[in-house]
Protein chains: 4
Amino acid sequence: MTTARLETFADGVFAIAATLLILNVDAQVSEDVHDLGARVAHVWPSYLAYAVSFVTIGIMWINHHTILAQIERADRRFLLANIGLLMCIAFVPFPTRLVAEHVRSAGAEAAALTYGFTMVATAIMFSLTWLYASGGKRLLRQDAHPTIVSGITRSYLPGPWIYLGATLIAFASPTTSVVLFMAIAVFYVAESSIFGSSAPN
Amino acid sequence: MTTARLETFADGVFAIAATLLILNVDAQVSEDVHDLGARVAHVWPSYLAYAVSFVTIGIMWINHHTILAQIERADRRFLLANIGLLMCIAFVPFPTRLVAEHVRSAGAEAAALTYGFTMVATAIMFSLTWLYASGGKRLLRQDAHPTIVSGITRSYLPGPWIYLGATLIAFASPTTSVVLFMAIAVFYVAESSIFGSSAPN
Amino acid sequence: MTTARLETFADGVFAIAATLLILNVDAQVSEDVHDLGARVAHVWPSYLAYAVSFVTIGIMWINHHTILAQIERADRRFLLANIGLLMCIAFVPFPTRLVAEHVRSAGAEAAALTYGFTMVATAIMFSLTWLYASGGKRLLRQDAHPTIVSGITRSYLPGPWIYLGATLIAFASPTTSVVLFMAIAVFYVAESSIFGSSAPN
Amino acid sequence: MTTARLETFADGVFAIAATLLILNVDAQVSEDVHDLGARVAHVWPSYLAYAVSFVTIGIMWINHHTILAQIERADRRFLLANIGLLMCIAFVPFPTRLVAEHVRSAGAEAAALTYGFTMVATAIMFSLTWLYASGGKRLLRQDAHPTIVSGITRSYLPGPWIYLGATLIAFASPTTSVVLFMAIAVFYVAESSIFGSSAPN
């Protein structure tokens, strides 16, 4: 299978997962609310959670294309690894809602842990997908540049550990954990903004 | 990255955001309604809100392609700008529902403001995306025609101000504000209908 | 704009509108139902409505491609006509749910009318879209065959009237009206199955 | 019609059906839950059901491309068969939710039967779609390899019977039935993982 087919399916899942995030915001404001203005202001964590998860999924979509740009063809194991990765990404709206709804209440720890472990699983699937494709140059394009390939490997390996660290902090302080999730998203945006115009895509 | 990849993702978000609008209408008619006919007639603002937001998202989809048609390639900053833009567009179903449900009640002001500021943010992201790509001809196609390029710039710059004006009127009269949002959509349709068959795409 | 861009967006709306239909079935079976088996059997109109609307949207998707296959390019008016058409198609899940929930109760008339007029509007938008593109060969491909073009025109023109007839019958007998909507879908499937392997696509 | 058009639509339905599965998990955790951590742990069947159905839809997506890779063109009957197939696949989120919610209660039998018969219908539609296309080499590519073609036929024919067997066991033991559904998904993943890197795609 060419990677073109995989891209259509993957882009679909990325786009739908990101767009479904708005349903979380929507569910926070019921129709029979008394003071709409106060309620719309009160649910501000929902907007923030929407933005953080939308941008995170967006960054992952960019990274997925960075991977596929180095790949010649897809075999069945690579397709399965991608299905596992997309399964994690399509899961993101659920923990996003939990964090938005419970960050200010007793459920904050459980919410932060659910969000965090989803991100850890996603980062692990990302690394596995890439390592399978690039290991022994299994699926790489003939003209894939060694510097780019090793650069991708280097930049993906810390991902699971960074998210694991931010997740485990939730046992001590869920709020700190959530702030770190935001900081990671901001970091990735900043990194792309600063180095983005010269970096290879 | 070529712009083809970006188009698949962007078209997905535009299509999903527009199609999800029907869920707002759907939620207005509960299963155990007593007089279905009366209820279906009573929720007419939902149909109008559905139409206005669907057409607005549709026009934005057309404009997005007008932009991309002038662009040669996408760098990471341009992708990030697009993710920011799509984040605004995927947000539209939420304020659309607020307006449909509250335009006839005390929540009209909050609903109109939420809808309006969403549109202001969307228009700003549209301008920023275009200005980044076209500034210094950064990402433009070599054969991009200067007249078309400056024409796009001229036609996008007023967008945020027009929506800001219509939004601020909500403090005085939310209904007027909502009517203006409809008028802006009708204007864009009329503009395209009158000049559309000769204009470059 | 080439028609390729339009197809991505349109295919997205067709696919999402069809797939969202399952949410109507889903909403019919609440989590705390006492006798799940009885409930799953009781909501059989939901399965039938799901199938009829899914197939109807599927047939419309086929027809949309039949149209686009004859078209060279898209101007802004044609894009707007398509947005209007897709707005109707994305609306279909709502009246589908109304029919499924109310066909056996007092709301049957209102449900059938809502479903019917949605179909009338969709058929009208289909005809308008085609007539704009084919009128004076405005957007047709140079090699578009006159027989195929006039064949499409002939086959689309009765659509609104057939649906209008089936809809108006709802004032006398909503059940007859709903049976006719099913019969129309079955007819289109049968027509395609019988003539489909030889007909041009 | 070329198969490219069919792929865009089909990939859309596959991607949306898979991504909508998260709504089932989401609905299991209401906003006003008392102990979020306990609830998130309690609904573990939802995560398992999400994973099994996501992977099953993913495997079907791979198989659908395996079919299309052997096919030259699509006629109307083939498109209709595909619409029937996609109608089954878009249905999967509903029985997935039933199983996740009721596997530990009295509704387990009805849930397992609904899930099982959905899979039987999907497997039948898969076989019919392929048999129509490959019968008498009706739609096959000129260079389609006989070994691959007969291999696909052989591997699809048992599908409906395997799922029927697993389904009927639900009358004796719904839990066994559900475990078998999981085993079938695991088997397909294992089969692809072991033979996947050498098998033709």
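The lining of the largest pocket draws at least two residues from each of these elements: H1 of chain A, helix H1 (3-27) and helix H5 (93-102) of chain B, the helices H1 (3-27) and H5 (93-102) of chain C, and H1 and helix H5 (93-102) of chain D. This is a predicted model, so please take every value here as computed, because local features were kept only at pLDDT of at least 70.

Staying with that pocket, its space comes to about 1,400 Å³. It is lined by 44 residues. Which of them lie nearest its centre? Those are Leu23(A), Ala27(A), Ala27(B), Ala27(C) and Ala27(D). By class, the lining of the largest pocket splits into 23 nonpolar, 14 charged and seven polar residues.

At a threshold of 30 Å³ or more, the structure holds four cavities. The largest cavity has a volume of about 50 Å³. Six nonpolar residues, one polar and one charged make up the lining of the largest cavity.

Now the chain pairs. Between chain A and chain B, 38 residues of chain A are in contact with 35 residues of chain B. The area buried between these two chains is about 3,400 Å², and carbon and sulfur atoms give 70% of that. How many salt bridges does the rule find across the interface of chain A and chain B? It finds two. In a salt bridge between Arg5(B) and Glu7(A), the closest N and O atoms are 3.1 Å apart.

Other pairs do not touch. Chain A and chain C have no contact, and their closest C-alpha atoms lie 9 Å apart. For chain B and chain D there is likewise no contact, with the closest C-alpha atoms 9 Å apart.

Last, one residue. Ala4(D) sits in helix H1 (residues 3-27) of chain D. Is Ala4(D) buried, exposed or partly exposed? Ala4(D) counts as partly exposed because its relative accessibility is 44%. Ala4(D) and Arg73(D) are 69 residues apart in sequence, while their C-alpha atoms are 9.1 Å apart in space.

Terms used: Residues are numbered from 1 along each chain as its sequence is written. Chains are lettered from A and ligands numbered from 1 in the order in which they are written. This is a predicted model: local features need pLDDT of at least 70, side-chain atom pairs count only at pLDDT 80 or more; totals for chains, interfaces and linings use all residues. Side-chain values use heavy atoms; hydrogens and water are left out. Helices (H or I, at least four residues) and strands (E, at least two) are DSSP runs, numbered from the N terminus. Buried means under 20% relative accessible area, exposed over 50%, partly exposed in between (1.4 Å probe, protein chains only). Contact means heavy atoms within 4.5 Å. On a 1 Å grid over the protein atoms alone, a cavity is a set of points where a 1.4 Å probe fits but cannot get out, and a pocket is an open set with protein on both sides within 12 Å along at least five of seven lines; lining residues have an atom within 4 Å of a point. Grid points are joined across faces, edges and corners, and a volume is the space filled by probe spheres set on the points. Ala, Val, Leu, Ile, Met, Phe, Trp, Tyr, Cys and Pro count as nonpolar, Asp, Glu, Lys and Arg as charged, and the others, Gly among them, as polar. Buried area is the accessible area (1.4 Å probe) that two parts lose on being put together, summed over both. A salt bridge is a side-chain nitrogen of Lys or Arg within 4 Å of a carboxyl oxygen of Asp or Glu.
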